[in-house]
Amino acid sequence: MAVRPVVITGEPVLHQRSRPVEVIDDEVRSLVADMYETMDAARGVGLAAPQVGVGLRIFTWQLANDDAIPPRGVVINPYLTSSKPPPGDPDPHDEVEGCLSVPGESFPLRRGETAVLTGLDLEGRELRYEATGWFARMLQHEYDHLNGFLYVDRLGGKWAKKAKKAVAAHGWGTPGLTWMPGEDRDPFGHDDDTPEEERAD
């Protein structure tokens, strides 16, 4: 297992649809092990393969929940359906997201309150989970990654403008930029006591 660099917005793999996994082989299992290691080092609640530069339809998570879903897991070739976001503007305190590929920035985004995930586990067995609340939000965030979208692409109004200014101020938006969890300073200031719902994915 190894921690891999996390790519930053502007890297092409983040902005294009990922490829399905054709065979769950040792290479895929090694990638998943590295993704867990990287997610843990970054203190994230989720990590999609494109975030470590691999355009495959895989994501991992580490998030407690009340939905009888394993708090730690991986899904391969997922399919996600979610409820429509409630009408209105997102709450700037209770509906804030962050992303390891937009390090250190957080913005409010309204998501569907429920989601249904299907796909394969690492042994190739079919899985199906019904999620609510923050777990449903995390699933939508990670699934977006596999379709070439970052959460900042979904922001509206003043939050979209603020995100665009932040990306420009950091000099992001071009290929080749990464940060290294466990070595570089934690961009979100996470520590072991940071609640999971306040961590990025």
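The following legends accompany close-up views of a predicted model.

**View 1. Lys165 in helix α3.** Lys165 is placed in helix α3, which spans residues 157-170. This lysine has a relative accessible area of 64%. Lys165 counts as exposed because that value, 64%, lies above the cut-off of over 50%.

**View 2. A patch of positive charge on the surface.** Four residues, Lys158, Lys161, Lys162 and Lys165, gather on the surface as a patch of positive charge. Lys165, a member of this patch, belongs to helix α3.

**View 3. Lys165 and Pro70.** In sequence, Lys165 and Pro70 are 95 residues apart. In space, the distance between Lys165 and Pro70 is 38 Å, taken from C-alpha to C-alpha.

**View 4. Strands β7 and β8 side by side.** Strand β7 comprises residues 114-120 and runs antiparallel to β8. Seven bridges join β7 to β8. Within this pairing, Gly119 has Leu127 of β8 as its bridge partner.

**View 5. The hairpin of β7 and β8.** Five residues stand between the two strands of this hairpin. In the hairpin, Gly124 adopts a positive phi near 85°.

Methods:
Residues are numbered from 1 along each chain as its sequence is written. This is a predicted model: local features need pLDDT of at least 70, side-chain atom pairs count only at pLDDT 80 or more; totals for chains, interfaces and linings use all residues. Side-chain values use heavy atoms; hydrogens and water are left out. Helices (H or I, at least four residues) and strands (E, at least two) are DSSP runs, numbered from the N terminus. Buried means under 20% relative accessible area, exposed over 50%, partly exposed in between (1.4 Å probe, protein chains only). Patches are made of residues with over 30% relative accessible area and no salt bridge: like charges are joined within 9 Å, nonpolar side chains (Val, Leu, Ile, Met, Phe, Trp, Tyr) within 5 Å. Accessible areas come from the Shrake-Rupley method with a 1.4 Å probe; for residues, only the protein chains shown count as cover. A salt bridge is a side-chain nitrogen of Lys or Arg within 4 Å of a carboxyl oxygen of Asp or Glu. Lys and Arg count as positive and Asp and Glu as negative; His and the chain ends are not counted. The place of a charge is taken as NZ of Lys, CZ of Arg, CG of Asp or CD of Glu. Two strands pair if DSSP finds at least two bridges between them.
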